[in-house]
Amino acid sequence: MLHIAYLKAVVEGQEEITPWVTWFGDNNEALQGLLTRTEYLRLKNDRIKAIPAILHRFDVEFLPSNRYEWLGGIPGHCRDCGSPTVEKGKHGRGGVIYCPNECFKMHWSAREQPAGE
């Protein structure tokens, strides 16, 4: 089962896997057929808890790696693929933060405070 193998790769922290958002979008229909409705919704909305539960149900042994932690949101790492994020811009003025694997891109800006505030 290719889908289960991917989930195992995510938990075990394998590098060089398809980013989560891309993989989930490409496999959405197959996952709905493979999983119960509850499992599917948990996977879609809270993959950190859902993936181990799904692997257990399919009797797949796995060893979670430290890289799996990035899915929960480690500052400076992409939540979709775990790569270190890149930040460019001027401190306090604005810029962009993005994943080098193109999982996301976020622009930010800061207003200057008027003198005396």
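I call a residue buried under 20% relative accessible area, exposed over 50%, and partly exposed in between, using a 1.4 Å probe and protein chains only. This is a predicted model, so I kept to pLDDT of at least 70 for local features and 80 or more for side-chain atom pairs, while totals for chains, interfaces and linings use all residues. Residues are numbered from 1 along each chain as its sequence is written, and side-chain values use heavy atoms, with hydrogens and water left out.

Entry on H3. I found H3 in helix 1; helices (H or I, at least four residues) and strands (E, at least two) are DSSP runs, numbered from the N terminus. H3 comes out buried, at a relative accessible area of 17%. Contact here means heavy atoms within 4.5 Å. Setting aside neighbours within four places in sequence, I listed W23, N27, A30, L31 and L34 as contacts of H3.

Entry on helix 4. Which residues of helix 4 are buried? For residues 47-57 I noted R47, A50, I51, P52, I54 and L55. These buried residues pack against helix 1 (2-11), helix 2 (20-34) and helix 3 (37-45).

Entry on E39. I looked up E39 in helix 3 and found a relative accessibility of 13%, which counts as buried. Not counting residues up to four places away in sequence, E39 touches I54 and R57.

Entry on D59. After helix 4 comes D59, in the loop between helix 4 and strand 1 (86-90). D59 is not a glycine, yet its phi is positive, about 55 degrees. Buried or exposed, I asked of D59? At 70% relative accessibility, D59 counts as exposed.
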